[in-house]
Amino acid sequence: MFLTSILLSLLLSPQEGWAETVEVEIIKSVFIPTVIKVKKGDTIRWVNTEELLHTVTSGKAPQSDGKFNAAYVKKEFEVTLDNAGFFDYYCELHPAIMRGVVIVDQASPGGNEKPTSGGSR
Ligand SMILES: [Cu+2]
């Protein structure tokens with residue numbers, strides 16, 4: 001009885017795709033949207049729509065903080081952030097004009113908050 005209902009709820013709940021991919025486009029040397037909000041574990045994908053090369057470098061321009069860095073994005077770059085927080089990033093080639101922010105939400109998608117396994121790294 002009990003097991004059946006667990007199985008049923010597993011089957012019925014939309015577990016598939018609870019981590020999403022959020023896209024940021026680089027258009028005319030601007031990150032669009034400039035500020036995005038994602039959930040922990042989501043993937044952020046930057047898509048460079050133009051010929052110009054750009055970087056996606058974490059930190060407050062012009063100071064990278066080493067969390068992520070894609071040098072010379074010709075087409076796409078993906079990153080998954082597992083920590084909640086506020087992540088500034090910019091383009092090292094155009095730091096004065098190309099800046100963006102990723103806000104990673106504490107909650108996991110779909111309310112499937114899993115107990116964190118012990119041990120910190
Ligand atoms: Cu750039």
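Biologist: Before we start, what should I keep in mind about the numbering and the predicted model?
Modeller: Residues are counted from 1 along each chain as its sequence is written. The model is predicted, so local features need pLDDT of at least 70 and side-chain atom pairs count only at pLDDT 80 or more, while totals for chains, interfaces and linings use all residues.

Biologist: Why is E50 called exposed?
Modeller: Count the C-beta atoms around it: E50 has 11 others within 10 Å. E50 sits in the loop between β4 (43–48) and β5 (54–60). Its C-alpha is 7.4 Å from that of I26, 24 residues away along the chain.

Biologist: What is phi doing at K28 and S29?
Modeller: Phi is positive at about 50° in K28, although K28 is not a glycine. S29, another residue other than glycine, has a positive phi near 60°.

Biologist: Which residues is S29 in contact with, leaving aside neighbours within four places in sequence?
Modeller: L52, H94, I97 and M98. Two residues are in contact if their C-beta atoms, placed from the backbone, lie within 7 Å.

Biologist: How many of the contacts in the protein chain link residues 24 or more positions apart?
Modeller: Such pairs account for 53% of the contacts with a separation of 6 or more. As for burial, 19% of the 121 residues are buried.

Biologist: What makes a set of residues a nonpolar core?
Modeller: The members are buried Ala, Val, Leu, Ile, Met, Phe, Trp, Tyr and Cys residues joined through C-beta atoms within 7 Å. The largest one here has 17 residues, and I44, W46, V56, F87, Y89, V102 and V104 touch the most other members. At least two residues of this core come from each of β1 (21–27), β4, β8 (85–90) and β9 (99–105). The biggest giver is β8, with three residues. As for V102, beyond its neighbours within four places in sequence, it is in contact with I36, V38, I44, L81, F87 and Y89.

Biologist: How do you know which strands pair in the open sheet of four strands?
Modeller: Two strands pair if DSSP finds at least two bridges between them. β1 and β2 have three bridges and are antiparallel; β1 and β4 have six and run parallel; β4 and β7 have five and run antiparallel. That gives the order β2-β1-β4-β7, with mixed pairing. β2 and β7 (76–80) are the edge strands, as each pairs on one side only.

Biologist: Which residues stand opposite each other?
Modeller: E25 faces V47 in β4, and its bridge partner in β2 is I32. I44 stands opposite V79 in β7.

Biologist: Why does β4 have two faces?
Modeller: In a regular strand the side chains alternate between the two faces of the sheet. On β4 the covered face holds I44, W46 and N48, and the uncovered one T43, R45 and V47.

Biologist: Last one: which peptide bonds are cis?
Modeller: The bond from I32 to P33 is cis, with omega near -5°, and P33 is in the loop between β2 (30–32) and β3 (35–39). The bond from A61 to P62 is cis as well, with omega near -5°, and P62 lies in the loop between β5 and β6 (63–73).

Terms used
Buried ≥ 20, exposed ≤ 12 C-beta atoms within 10 Å, placed from the backbone.
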